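Subject: The structure, and what turned up in it

Hi,

Here is the structure I promised to pass on.

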Amino acid sequence: MNEVILCYALVLGLAFPLGIYMARALDDERESRIDRLFRPVEAVIYRLAGVDATRSMRWPAYALAVVMLHLLLIILAWGVFMAQGVLPLNPDGIAGMSWDTALHTAVSFATNTNQQHYSGQAQLSYLSQTFAIVTLQFITPATGLAVLLAIARVLLKKRAAPVAEAVGQDVGVGNYYRDLVRTLVRILLPLAVVVALLLTWQGVPSTYQGAQTVQPLEQSVATTQQIPVGPVASMVAIKQLGTNGGGWYGPNSTVPLENPTPLSNIIETVSLLLIPVALLVAMAVFTGRRRLMAGIGGVMLAFSLISTSVLIASERLPNAAFEGLAAVGSANLEGKELRFGPEMSALWASWTTQTSNGSVNAMHDSLNPMGGMVTLMDMFINVTFGGIGVGLIGYLLYLMLAAFIGSLMIGRAPELMGRALETREMRWISLAILAQPLVILGLTALTVAVPGLAGTSNPSFHGLSQVLYEYTSAFANNGSGFEGLGDGTPWWNLACVVALLIGRFVPMLVPLAVAAWLAGKRMAPAGRGTLAMDSGAFVGLTAGVIVIINLLGFLPVLVLGPIAEQLTLGY
């Protein structure tokens, strides 16, 4: 338990200085010494890309730039995965992927999900891992932060100057390429270099040599053994920092080569939450709304502590499958690394689903039913801290809905920060929120209704949980899984592609449009009846809306899955 407390303390302690740095590095309205350091590098990138980073975009142009860049990246990665067998940097002679697995992999990594229907060390070449996978692991979290900057710039930032040329017009939200490059050059790359060096120091491989041939200690089993290596440390660093989650090895950070020591485990665990928490500090400084961000941070931290506490308590219980085989009162150690134990495994499982990371240092399919339900609830909510940028964007969606409900409750016309919330805004906000249960439950129902589609390893309650988890993980852009599922089929690959794309772009781009629409409206002066976004009552209202919406949407399927499974265990 001391390690759990240490990890929370490290995240909170590091997040404050990092958040202040991020606010100064990303604010394009104030000159700083950071600009003088990075601007020459950024200018070269703009020239090579042929973009004008000084031109402000309205929200449709900003959204189109996001979609077009990601479409291009998907096509390039798709081609690389299928053709890797004839491309360079393939010392182990790995063949190309099938078209459907390659498409799923390209879309998965282009949506910051990193859901893997393949085993990395066995099915991807070094070129695919570095040129395609790692490139997407940098660009996709940077995009989430870029869109958050655009929303904060027009909706949240306190300023005296108007942001619209005239009331009723869409406003300029910034330049996507400028926001993207600044995030990459000033935030993600420096942090990833530091973490990669720390992991290399701890023994994580960092080489372009092929698989190593070694002599096993037990010579009666085999004469030699092939140990896959590669530039693992650089991938693991951005996998953790960028809320990505896709591992170099199939079993992810349970593998000693990817996570060799207790210190490497703490480094990787802290990296899960570091940037999402630091973003709260950065947005408080960037927008000037410190009380609002403190309230949001308080809700997120409360959700996090509840989730982590329940999951740790669940994994301290014995595994019913080993009744009579294990020592009485022993914790659930199935699917866990004994090096980390149940508590640090439960902490990782909790944090990786609170964010949209999805990496694992224990197998989630082996969690006790209550622990599995906690990871599902984390992904349903998906705003406890969430992915880089998109977690806070998702929270703003719930905040807008809470503002609408709260305004009606006190007898005022719905508004958000002095701007009217009208039919157009509420229609799109509702769509973005309801897309999650519609997609997840619809695909789950279709998959379990058609014989032979699911490919579950358990026909009972847990089998339903396996299917539900896979689609939830895809829509939440998380990527973890109940890996008893036979998901390497065309149905799973293509169905998950649908969930991946909708789950990434609808909840991210709808708030961008709504923020621009609101910013173009006349602001009403604050009065005695104005709904204060930073009040304790409104913070509580928003938390209640988040819980109620997700319970209404998913409680029935939870009763049929993990809750029913838990009740059959008798404890």
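Leu64, Met68, Leu71 and Ile75 make a nonpolar surface patch of about 390 Å². For a patch, residues need over 30% relative accessible area and no salt bridge, with like charges joined within 9 Å and nonpolar side chains (Val, Leu, Ile, Met, Phe, Trp, Tyr) within 5 Å. The accessible areas come from the Shrake-Rupley method with a 1.4 Å probe, and for residues only the protein chains shown count as cover. Leu71 sits in helix α3, residues 59–83 (helices are DSSP runs of H or I with at least four residues, strands are E runs of at least two, and both are numbered from the N terminus). With a relative accessible area of 42%, Leu71 is partly exposed (buried means under 20%, exposed over 50%, and partly exposed in between, with a 1.4 Å probe and protein chains only).

Please keep in mind that this is a predicted model, in which local features need pLDDT of at least 70, side-chain atom pairs count only at pLDDT 80 or more, and totals for chains, interfaces and linings use all residues. Residues are numbered from 1 along each chain as its sequence is written, and side-chain values use heavy atoms, leaving out hydrogens and water. The protein chain has an average pLDDT of 91, and 95% of the residues score at least 70 (pLDDT is the predictor's confidence in each residue, from 0 to 100). Over residues 160–166 pLDDT stays under 50, and the model has 10 contacts for them beyond four places in sequence (a contact means heavy atoms within 4.5 Å).

Back to helix α3, which also holds His70. Is His70 buried or exposed? At 1% relative accessibility, His70 is buried. Apart from neighbours within four places in sequence, His70 contacts Ala110, Thr140, Thr143, Tyr176 and Phe505.

Now the charged pairs. Side chains of opposite charge can pair when their charged atoms come close. How many salt bridges does a search of the whole structure find? The search gives 19 salt bridges, each being a side-chain nitrogen of Lys or Arg within 4 Å of a carboxyl oxygen of Asp or Glu. Here are three of them:

- Lys521 pairs with Glu422, with 2.8 Å between the closest N and O atoms. Lys521 is in the loop between α16 (490–519) and α17 (536–567), and Glu422 is in the loop between β6 (419–420) and α14 (423–449), so this pair ties together parts that are 99 residues apart in sequence. Lys521 is buried at 16% relative accessible area, while Glu422 is partly exposed at 44%.
- Arg39 pairs with Glu31, and their closest N and O atoms are 3.1 Å apart. Arg39 is partly exposed, with a relative accessible area of 39%, and Glu31 is exposed, at 52%.
- Arg424 pairs with Glu425, the closest N and O atoms being 3.8 Å apart. Arg424 is partly exposed at 41% relative accessibility, whereas Glu425 is buried at 1%.

Salt bridges with shared partners also link Glu31, Asp35, Arg39, Glu42, Arg182 and Arg186 into one network.

In case you were wondering about cysteines, the count is 0 disulfides, where a disulfide is a pair of cysteine sulfur atoms within 2.5 Å. Cys7 is buried, with a relative accessible area of 0%, and Cys496 is buried at 0% as well.

The loop between α12 (369–381) and α13 (390–409) contains Thr384, and Gly389 lies in the loop between α12 and α13 too. Thr384 is buried, with a relative accessible area of 1%, and Gly389 is buried at 1%. Leaving out neighbours within four places in sequence, Thr384 touches Met300, Phe303, Ser304 and Gln354. Under that rule, Gly389 is in contact with Gly144, Leu145, Leu148 and Leu279. Gly389 and Leu280 are 109 residues apart along the chain, and their C-alpha atoms are separated by 9.7 Å.

Ala192 is buried, at 5% relative accessibility. Not counting residues up to four places away in sequence, Ala192 touches Phe138, Ala237 and Leu241. From Ala192 to Ala233 is 41 residues in sequence and 9.6 Å in space, C-alpha to C-alpha.

Best wishes
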